[in-house]
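Open the model in a viewer and keep the selection panel at hand. The stops below say what to select next and what is there.

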Amino acid sequence: MNHIFLQILTGLQISALYMLIALGLTLIFGTLGVVNFAHGALFMLGAYFAVEISSQFGFGVAIIAVPILLFIIGIIMERGLIRFFYERPHTDQILVTFGLAIVLGEVMKTIYGANNLPFDIPKWGSGIVRLHEYLPFLEGFVAYPKWRLILIVVSFSTVISLFTLLQFTKFGLIVRAGMRDSQMLAFLGVNITRRFTIVFGIGSVIAAIAGLFGGPITQVEPEVGMHMLIPSFLVVVIGGMGSLPGAVLASLILGMSISFTAEYAALQQIIIYLIAVIILLVRPRGLMGKKGLME
Amino acid sequence: MTKKSDVSKTVSRRSILKAGAVGAAAMSAPMFYARNAWAEKAIGNYPISGDTMMLGFNVPQTGAYADEGADELRAYKLAVKHLNNGGGMLETMTPSKLTGSGVLGKKVDFVTGDTQTNPDAARTSARRMIERDKVIMFGGGSSSSVAIAQQHLAHDLGIVFMAGLTHSNDTTGKDKRRYGFRHFFNAEMTGIALAPIIAKEYGKDRRAFHLTADYSWGHTQHDAMKRATEAQGWTTVNNIMTPLKSTDFSQYLTAILNSDADVVVLNHYGKNMVNSLSQAVEFGMRELQKNGKTMEVVVPLFSRLMAQGAGSSKIQGVLGTTNWNWSLQDAGSQAFVKSFEAEYGFPPSMAAHTCYCQTLLYANACEMAGTFYPPEVIKQLEGFEFDGMGNGKTLYRAEDHQCFKDILVVKGKSPAEKTGEFDLLELVDTTPRETVTYDHKIFGGELGSYEPS
Amino acid sequence: MNKSTSIFSKYPIPIFSLVVLSFPFWFEYIGGYPGLDTKILIWALMALGFDILLGFTGYLSFGHAIFFGVSAYATGLMLKHFSPEIIPAMFIAVIVGTIMAFAVGYLTMKRSGIYFSILTLAFGEMLNSAALSTLQDITGGDNGLTIPDVKPVLFGIRMDGLSMYFLAAAILILGYYLARRIATSPFGLILKAIKSNQERLEYTGIDVQKYKLGGFVISAIYASIAGSLMVIYEPYVATEYLHWSTSGELVIMSVMGGVGTLVGPMIGAAFMLYFENVLSVPLGEEWLLVLGIIFMAIVIFLPGGFMEGLARIKKRYFNKSNKEEK
């Protein structure tokens, strides 16, 4: 019992970080139709800002400041580069954002060096939680790091907030309509461009949240964005490009499979790719992908 | 041209290309050889033309180990400066024939390259140094696979390679080569040095759970630690191989929590180690009680740069081994640290120390041989015993080109104990050279011939 | 394209051969060195094959490292355990590479777009992991497959230095000739039709799947030969050959040079290797940053790569009369 419970918890926690990064990726793809390979770099920037700001002013300030900073960076990125690629093929989008990811990583390396920056978990989030004191079905002693539990909560709250935003607000309604048919909205006189820019900003804010709460776990170094990008991108593809529920489902599948294969090294190393291959061979567009997108 | 190919079986391509131009030079070749009775062949870039001895420093400038590479390069530049102008360890090294005014009358110069911590890229970069820049020796690097790839190339092309930071047993074990030398210690020595001390500190009836980076170095480190700790009476509960690219180790740490192990051995290096150690601490593995004992974490290979990356709140009290640390008080270390600090404003890392020493050792071997002819230089290095370079009396073993010296066992300092940004490791014990010397036959491998075929 | 026939489009093969065969004799004057020119040819061969897939059909594979790497291992094992004679080694390597290509191609070619790219990436990463851990007793793991004291020979002639260069050159010239033949053949035209409109092609009753698979396999054979040559040139196999970054580099080379032009990707390969190994030296640790910026600039301003740049320069300076006529 203990064993299975802990593995599930670990699976949830691994999924939580993938989910946060994949959510931004798939949101940007679903609305703007852009494959943003620099999304991992946004996560990396978020983590660097989080270390820098929290060491100067405390983690509380970082929670407010980092998402605002990333929102601004996201807007600059969309206006300054991405918007010129809306009409270009997806391969061009992948390549230019891939180039941007290399450049951003190298810039951070030049400033901070290639070594890790230590990112200490704030006092209120450090230590372990003795789960057996709260959950009667656990036997004996079961503990889990508090920060990882916080990450799970933060991640799922972000998912719920994003769904609420898209489902129940006027902004969300317009954006969802824009995803279906942006030309029609333009005819109706809705300024969809401005809203899409904001969507890019929101995607960046989610990357900031991932950097803030994931940074202490993945460590802060120039290549961390690239390391997180590939599994997160697999999550997006397995879930179906542009599908938010798909991304959530896929990250849970990958997280759990990584957690449960931990002791079988040979399988563990290929498990996420194996799942990707099986799902894509059975379901051509991922779990919840739409026909015609990215084919 | 024909004359030149008479004396050398391996006609370099450039010599064919420049056939016309070097005709005159080739005519004078026999006279040159007559002066050096032992030199019968042109090997690699020997004989050196001109009055500059060119060295190649191939270090990671991009990728995960770029900081180590940058520090290696700083040390190399310092070594070249000292070889040309004197200073540093030139004053403490014994025996030494170094003059501080070049080597064998030639000025020392260098070229640099980027290994990218990728064996293929490292070999291409090394070839540039060898074929275009005509280096007589090259060195550097921060990974065993890169060192092994380069030392095979070195042997094929007849250029001496002085490996930088490489800790795998394979480098001087099954993949050893006549043209490759290692100053750094290795996984086997770490095991022998560390096991008695952790057994003394934590007790002889411990149950260990290993996490091992799934690549060659990790395997040799795990193997060495397992043998050495079991010899002390420990039980190995389990070992999990972790993919090299892992950043999150929670799934493995969960498995450890579920087991009855009370010690965690992290056979990780670099970012793997920073991550796994930080996360083990986060999982409470240094406070938990198991089997009536406090759980402990052991990191076999420690480096100051990694300690810096993890932060002293994570490393405090963690035991491991290291090749060298700038806080050592012997004359050799002090001479090196002082000149390094004067040049760059902060203390050197152990990677810097190794690269610095190797450059001096190679230059000294040339002086002792009285020639740059590689087989003679290699023979001088083989079995060479020296002192005054920071590790006490040290030997380059002839049979496998592995260095043998006292091994430092260190402990991470707590934030309260440290006196500065770079003061992270505290010396706990020194395991004497005799104790860590093992039989070279246990790893197999062949050094190969003195002259490349 | 340019109407006024340039010398190159008149005599493509002789001029291409001239450039390739004379390359080692002038390369050193621009900072090159003997080892690099052979390596450039090998990568050029792989980039050329890659263009048959990406340039003709538009399928972006992130798994071409599979064929390069698998055939490199096959060659290495043959040289190490069987004979230093390269013909059997290359033969086996190409067969292994082709079988791999059929297997991977059959499974991945059913999907298109990003789903195809991800599938090829996934197969590549699985193989790379296997080489690193499960199969490390055969592959040597991350230490690489070391082949000490083996000197590859062709009919008893040792393959190193210039002899190796001319072997690679002969294969590359032949490869270029065949690629041009494929481009103008009915088979090549169908491949290009797949890029522009696959659905319409299906309505005509052509078995598109078969053609796509054909293109994929041909492209993979180029990569296999390149992988085999790499190990003959330097008897050592790095696990990096199987890593996705090898495929990634191939994509970058192709894009920089100009996708779909055959010559472009080869120029891209030469530029990348030249930059990485010669121009990077004065740039020191910032070289990757500079390369990243150059790459971005090319994607933004020159979607057709160097070839488009050349065409633009030509149009501006040499075809003024043409323009005026219009």
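Start with helix α10 of chain B and select its buried residues: Ser250(B), Gln251(B), Tyr252(B), Leu253(B), Thr254(B), Ala255(B), Ile256(B) and Leu257(B). The helix is mostly covered, with 8 of its 9 residues buried. Keep in mind throughout that this is a predicted model.

**Where chain B meets chain A**

Leave α10(B) selected and show chain A. The contact between the two chains takes 31 residues from chain B and 34 residues from chain A. On the chain B side, two or more residues come from each of α5 (66–85), β7 (235–242), α10 (250–258), α11 (271–282) and α12 (304–310). The largest share of that side, 7 residues, belongs to α10(B). Colour the chain B side by class and you get 13 nonpolar, 12 polar and 6 charged residues.

**Where chain A meets chain C**

Now hide chain B and bring up chain C. Here 30 residues of chain A are in contact with 27 residues of chain C. Select α4 (90–112), α9 (224–239) and α11 (265–282) of chain A, the elements that give two or more residues to the chain A side. Of these, α4(A) gives the most, with 12 residues. By class, the chain A side divides into 21 nonpolar, 5 polar and 4 charged residues.

**A single residue in chain A**

Stay in chain A and select Phe196(A), which is in helix α8 (residues 192–218). Is Phe196(A) buried or exposed? Phe196(A) counts as buried because 24 other C-beta atoms lie within 10 Å, and the cut-off for a buried residue is 20 or more. Leaving aside neighbours within four places in sequence, its contacts are Thr31(A), Leu32(A) and Gly178(A). Draw a C-alpha to C-alpha distance from Phe196(A) to Thr31(A): the two are 7.0 Å apart in space and 165 residues apart in sequence.

**The domains of chain B**

Return to chain B and colour it by domain. Domain 1 covers 2–33, domain 2 covers 52–185 + 327–405, and domain 3 covers 188–322 + 424–433. The C-alpha centres of domains 2 and 3 of chain B lie 29 Å apart. Between these two domains, 16 residues of domain 2 and 14 residues of domain 3 make up the contact. On the domain 2 side, α5 and α7 (144–157) of chain B each supply at least two residues. That side has 5 nonpolar, 6 polar and 5 charged residues.

**The parallel sheet in chain B**

Select the five strands that form an open sheet in the order β2-β1-β3-β4-β5 of chain B, with parallel pairing. Its edge strands are β2 (107–114) and β5 (180–182) of chain B, each pairing on one side only. From one strand to the next, the twist averages 25 degrees. At one end of the order, strand β4 (residues 160–163) of chain B is joined to β5(B) by 3 bridges. For an example, pick Met162(B), whose bridge partner in β5(B) is Phe181(B).

**The antiparallel sheet in chain B**

Next, select β13, β14 and β15 of chain B, an open sheet of 3 strands in that order with antiparallel pairing. The edge strands are β13 (385–386) and β15 (403–404) of chain B. Between β13(B) and strand β14 (residues 394–396) of chain B there are 2 bridges.

**The largest nonpolar core**

For the last stop, show all chains again. The largest nonpolar core has 340 residues, and those with the most contacts inside it are Ile159(B), Val264(B), Leu277(B), Ala44(C) and Met46(C). Helix α1 (residues 2–32) of chain A contributes the largest share of this core, 16 residues. Because domain 2 and domain 3 of chain B both give residues to this core, it lies between them. In soluble globular proteins, nonpolar side chains tend to be buried together.

Not counting residues up to four places away in sequence, Ala44(C) touches Leu172(C), Met266(C), Ala269(C) and Ala270(C).

Methods: Residues are numbered from 1 along each chain as its sequence is written. Chains are lettered from A and ligands numbered from 1 in the order in which they are written. This is a predicted model: local features need pLDDT of at least 70, side-chain atom pairs count only at pLDDT 80 or more; totals for chains, interfaces and linings use all residues. A nonpolar core is a set of buried Ala, Val, Leu, Ile, Met, Phe, Trp, Tyr and Cys residues joined through C-beta atoms within 7 Å. A residue is buried if 20 or more other C-beta atoms lie within 10 Å of its own, exposed if 12 or fewer, and partly exposed in between; C-beta atoms are placed from the backbone. Helices (H or I, at least four residues) and strands (E, at least two) are DSSP runs, numbered from the N terminus. Domain bounds come from an automatic or database domain assignment. Two residues are in contact if their C-beta atoms, placed from the backbone, lie within 7 Å. Two strands pair if DSSP finds at least two bridges between them. Ala, Val, Leu, Ile, Met, Phe, Trp, Tyr, Cys and Pro count as nonpolar, Asp, Glu, Lys and Arg as charged, and the others, Gly among them, as polar. Axes are lines fitted to C-alpha atoms, for helices over the stretch in contact, and angles run from 0 to 180 degrees between N-to-C directions.
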